[in-house]
There are 2 protein chains.
Amino acid sequence: MATYKLIISYDGTGYHGFQYQENAYTVQEALEKALKKLYGEAIRVGAAGRTDAGVHARGQVVSFRASSQVPGTRLKQALNGILPKDIVVVEAGEVAGTFLSRRDARGKVYTYTIDNGPYPDVFRRNYAWYLPYRLDLEKMQKAAVYFQGEHDFKAFQAAGSPVKTTVRTISSLTVNRANNIIVLCFEGNGFLYKMVRRITGTLVKVGQGKRTIEDIQEALICAKRRNAGPTAPARGLCLEKVFY
Amino acid sequence: MATYKLIISYDGTGYHGFQYQENAYTVQEALEKALKKLYGEAIRVGAAGRTDAGVHARGQVVSFRASSQVPGTRLKQALNGILPKDIVVVEAGEVAGTFLSRRDARGKVYTYTIDNGPYPDVFRRNYAWYLPYRLDLEKMQKAAVYFQGEHDFKAFQAAGSPVKTTVRTISSLTVNRANNIIVLCFEGNGFLYKMVRRITGTLVKVGQGKRTIEDIQEALICAKRRNAGPTAPARGLCLEKVFY
């Protein structure tokens, strides 16, 4: 048996998320179909981050085992020839047999993109959250600092996701603007279900003047869910990188 | 009767070009449908540039006449509420009754985008021509200069497009690279059918070392079609701006 690691990029618009579902087309299904064609056997893949429907990736990491050995460059080329055009293999190679993309991940980088122009950019309609109103960037940047470090992010997770602990560390959270585009960049050791989108929703409320730094502090210390903002839509979210 | 001018942006991926066709969905049809809903009467629009299937626009200009008066800001808002998400009105307003978007256009800017990275950028798959091989940017930039000025571009038009003259003036043609993306920017008083895509195809051949500056000079002077390169695919092309 050989173990492989793939770094993949995908446009999540046409998929019901990464993970296999009975009645919906997912990235996992498309990937496993291509691998079956290539290896001639049923292959099950695991991903570092189980992105939701409409969420994108530039650096998703996938691992799988197969009975035959294929060199990395050939694997990459072959898969890119078979896969649908909205999934691309960026890197491929054999790794140690113990490697598991999800369990071994030590950190992740996500970006969230907001289109804040006077009219929606048609070319970003599937890759950004369009918000026509004025956002105070400085307020958002100041508030972002309070999310950094180790906190109990219970108020910022979506209900009904069973986890052992809701404590996570965000090592960096930046908010930057270039023309009409605002990009929030999250780096951390792990993220709860919908946590990035909830923090984004909260920071947008701060930018509108509808939430304060005190609201965030309270939400983090007392796990007050009502202090958090709404969940930002999936399309603005992108898994950029996974650290090992 | 009131005459209106719209500046529109669209993702051409889902359309069979701008102009109305009997059996295919076009930008014109989508626009006229929205205008009929808004004005309650059949409205015929004209566009400055008749973009082909798959070609995009950031600054297409459209004119039409209607029997009722609607203020520009309301027209823009109302249309953006009705139009499909891949067409957006950037600007709208009433203009002099003599205005015709196509006849009055004095110049246009088109860009052509090439994705020249080690693997295709999934987020640009509909907006760029992916070329994996090495392109010599300096050679392309030097060759681009020879297209500038007034020339007979007969060798660079697609066959079967009846025009009075094939002489056009390209006032500026630049080639720039930022990371993996190469953008060619064309500014001129008018362009023949598929001319931008043919010049792009030729400059790509120059970048590969398969065409020389002499080939271009000959093509421009002697209208030698075989010296020109292939027609670059529609998806990399975007109508950026129309001058009046």
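The following legends describe close-up views of a predicted model.

**Figure 1. Overall fold of chain A.** The secondary structure of chain A consists of five helices and ten strands. Along the principal axes, the C-alpha atoms of the chain fill a box of roughly 55 × 40 × 30 Å. The radius of gyration of chain A is 19 Å, which agrees with the value near 18 Å that a compact globule of 244 residues would have. Of the 244 residues in this chain, 40% count as buried. Among the contacts in chain A with a separation of 6 or more, 72% are made by residues 24 or more positions apart.

**Figure 2. The two domains of chain A and their contact.** Chain A is divided into domain 1, spanning residues 2-95, and domain 2, spanning residues 107-243. The C-alpha centres of domain 1 and domain 2 of chain A lie 27 Å apart. To the contact between them, domain 1 of chain A contributes 14 residues and domain 2 of chain A contributes eleven residues. The side of domain 1 of chain A that touches domain 2 of chain A comprises, by class, five nonpolar, seven polar and two charged residues.

**Figure 3. The interface between chain A and chain B.** In this view, 14 residues of chain A are in contact with 14 residues of chain B. Strands β1 (2-10) and β4 (87-95) of chain A each supply at least two residues of the side that touches chain B. By class, this side of chain A has eight nonpolar, two polar and four charged residues. Of the interface residues of chain A, 100% are also interface residues in chain B, so the copies meet through the same surface.

**Figure 4. Buried and exposed sides of helix α5 of chain A.** Helix α5 of chain A covers residues 213-222, and D215(A), I216(A), A219(A) and L220(A) within this helix are buried. These four residues cover an arc of only 130° around the axis, which puts them on the same side of α5(A). On the other side of α5(A), E214(A), I221(A) and C222(A) are exposed. The packing partners of the buried residues of α5(A) are α3 (137-145), β7 (149-152) and α4 (195-207) of chain A. Just after α5(A), the backbone of A223(A) takes a positive phi of about 55°.

Figure 5. T212(A) is found in the loop between α4 and α5 of chain A. With 14 other C-beta atoms within 10 Å, T212(A) is partly exposed, because this class lies between the cut-off for buried residues, 20 or more such atoms, and that for exposed residues, 12 or fewer. The C-alpha atoms of T212(A) and A143(A) are 7.8 Å apart in space, although the two residues are 69 residues apart in sequence.

How values were computed
Residues are numbered from 1 along each chain as its sequence is written. Chains are lettered from A and ligands numbered from 1 in the order in which they are written. This is a predicted model: local features need pLDDT of at least 70, side-chain atom pairs count only at pLDDT 80 or more; totals for chains, interfaces and linings use all residues. The radius of gyration is taken over C-alpha atoms; the globule rule is 2.2 Å times the number of residues to the power 0.38. Two residues are in contact if their C-beta atoms, placed from the backbone, lie within 7 Å. Domain bounds come from an automatic or database domain assignment. Ala, Val, Leu, Ile, Met, Phe, Trp, Tyr, Cys and Pro count as nonpolar, Asp, Glu, Lys and Arg as charged, and the others, Gly among them, as polar. The arc is that of the directions from the helix axis to the C-beta atoms.
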